Amino acid sequence: MSNKTVGNPLDLRAWIDEVKHMGELTEVSGADWNLELGAISELNVKKDLPNALLFDDIPGYPQGHRVMTCSTSSPSRLSSILRLPIESTNGGLTQSLRGKPKQWQGQADQYPPVVVDQGPIFENVQSGDDVDVFAFPSPLWHELDGGRYIGTGCMVVTKDLDSEWVNVGTYRVMVHDRNHVGLDMVPGKHGAIQYDKYMKAGKPFPVAIVVGCDPLGYLISGIEVPFGMCEYNYIGAILKQPVSVVKGQLTGLPVPSGAEIVLEGWAHPNDERIEGPFGEFHGYYPGKPATAPVVTIERVYYRNNPIIMGSPPAKPPNDYSYSKAVMRSALLMDALIAAGVPDVQAVWAHEIGGARMFNVVSIQQRYAGHARQAGHILSQCGVGAYMSRYSVVVDEDIDPSNLQEVMWAIATRTDPSLDIDIIQRGMGSKNDPMSIAYTSKAPFTSKAVIDACRPYDFIKEFPAVAEASKELQEAVRAKWKHIL
Ligand SMILES: Cc1cc2nc3c(=O)[nH]c(=O)nc-3n(C[C@H](O)[C@H](O)[C@H](O)COP(=O)(O)O)c2cc1C
């Protein structure tokens with residue numbers, strides 16, 4: 001970590017001001033943390049273009065102790081978070097994202113975080129017997145949840161046992177009591193790998209949980225940044241400026257100097273408790289509650305009038321399904337091009353499949369077999385393989401993000417016995433709601449590749465589409481703006 005220049009503190013409030021200017025913030029007064037705030041957020045995010053919500057005057061809490069939700073749920077807000085030109089459409093945003101993830105990753109090592117001594121995060125400190133996680137209005141998001149979750153749109157900062165690698169991952173955090181929280185890290189996630197090393201060595205695992213900062217933070221800690229790379233560096237590459245961090249007073253773990261709330265402590269060996277249940281990104285609760293590491297919180301730092309960043313999973317569209325759809329679509333597009341598939345027009349990882357289970361690519365068909373090639377690579381490439389179920393290929397006249405058009409192509413351009421390839425024993429997950437019916441103990445599942453392109457060998461004779469031409473549509477739209 002460098003300590004030469006002053007970096008970006010990941011201040012959520014600066015971003016909220018920007019969203020206000022964009023006219024995309026709704027302030028809500030008086031909603032209860034107990035189910036009401038969660039249900040309002042859930043209904044809001046199902047609108048076509050949901051505003052971000054900022055809840056205040058939460059019963060039982062001082063005015064100013066706030067919760068934000070739906071931060072990433074519009075193209076304009078997501079482009080502002082990613083520091084891209086403001087785009088108001090999915091197409092515009094994915095287009096301006098093309099090639100960016102690869103570029104950010106390539107530049108990440110130029111932007112190590114910069115350590116500063118002070119920051120707004122140290123405005124208030126709880127320690128010893130004063131530690132009380134209930135001082136903040138953690139929501140009970142849904143009726144069937146196993147507890148109140150303070151951490152959804154959060155960043156969990158941890159460090160490798162035998163190297164300097166700091167990882168920042170978004171893992172949910174449930175409140176057990178005033179100084180204990182549960183941390184759910186799926187096996188294989190980088191935080192879980194680091195945790196396992198400490199447990200094997202019989203050592204307490206240091207943890208700092210950042211509950212709220214600029215949403216760029218949890219957006220990036222919630223995607224698969226390569227093993228061994230620190231997410232702060234990746235964020236720095238997006239900002240073109242290092243992240244400014246302060247060190248936790250107990251663990252020395254780096255947290256953004258402008259963060260809203262930070263919980264710091266240790267997960268001790270053999271301290272696991274039942275955690276959850278909590279909904280998953282695909283819209284279901286997992287079968288059974290399971291145990292998860294417990295973090296004993298010994299320090300809490302928070303700004304005056306702190307804001308919890310909330311982003312609960314639920315049946316899609318949910319709080320973060322839009323941002324996942326955009327990010328994964330960009331990554332899939334890059335992967336298809338890197339694999340040598342020519343003339344890829346656009347990709348969309350649909351929210352209904354949690355941006356994993358129903359993905360569509362449009363291509364300009366160039367040769368026999370082109371469509372199958374695109375479909376199989378979409379289904380099996382590194383970013384796409386985990387829990388992919390349906391991978392659909394459509395022609396260039398179909399907008400892959402428009403379900404109506406995609407399903408029309410499937411309904412009218414396929415011969416099911418020829419155009420659906422089934423891949424057996426593909427990569428599934430114990431997290432898959434269908435895993436209950438998997439036929440083997442290991443998480444294998446089948447996958448379908450649907451070639452919904454006009455058959456290449458009959459492409460010239462294929463019936464014309466009964467619709468006004470693009471040119472006529474544009475001319476008529478321009479002239480008849482007032483009714484269209
Ligand atoms: C809002 C949100 C909540 C998430 N919750 C969890 C979770 O509880 N457990 C988990 O293992 N992954 C969760 N994820 C996915 C991980 O953040 C994601 O896989 C990320 O790549 C993990 O970081 P890592 O690659 O450093 O392990 C969540 C993602 C988001 C955006």
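**Cavities and a helix crossing**

Tutor: Lining the second largest cavity are Ile223, Glu224, Lys324, Met327, Arg328 and Leu331. A cavity is a set of points on a 1 Å grid over the protein atoms alone where a 1.4 Å probe fits but cannot get out, and lining residues have an atom within 4 Å of a point. The model is predicted: local features need pLDDT of at least 70 and side-chain atom pairs 80 or more, while totals for chains, interfaces and linings use all residues. Residues are numbered from 1 along each chain as its sequence is written, and side-chain values use heavy atoms, without hydrogens or water.

Student: Which classes make up the lining of the second largest cavity?

Tutor: Three residues are nonpolar, none polar and three charged (Ala, Val, Leu, Ile, Met, Phe, Trp, Tyr, Cys and Pro are nonpolar; Asp, Glu, Lys and Arg charged; the others, with Gly, polar). This cavity holds about 40 Å³, the space filled by probe spheres set on points joined across faces, edges and corners.

Student: How many cavities of 30 Å³ or more does the search find?

Tutor: Two, across the whole structure. The largest has a volume of about 70 Å³, and its lining includes Gly38, Cys70, His142 and Asp319. That lining divides into four nonpolar, four polar and two charged residues.

Student: Which residues of H5 meet H8?

Tutor: Pro101, Trp104, Gln105 and Gln107 in H5 contact Tyr234, Ala237 and Ile238 in H8 (helices are DSSP runs of H or I, at least four residues, numbered from the N terminus; contact means heavy atoms within 4.5 Å). Five residues of this contact are nonpolar, two polar and none charged.

Note on methods: On a 1 Å grid over the protein atoms alone, a cavity is a set of points where a 1.4 Å probe fits but cannot get out, and a pocket is an open set with protein on both sides within 12 Å along at least five of seven lines; lining residues have an atom within 4 Å of a point. Helices (H or I, at least four residues) and strands (E, at least two) are DSSP runs, numbered from the N terminus.
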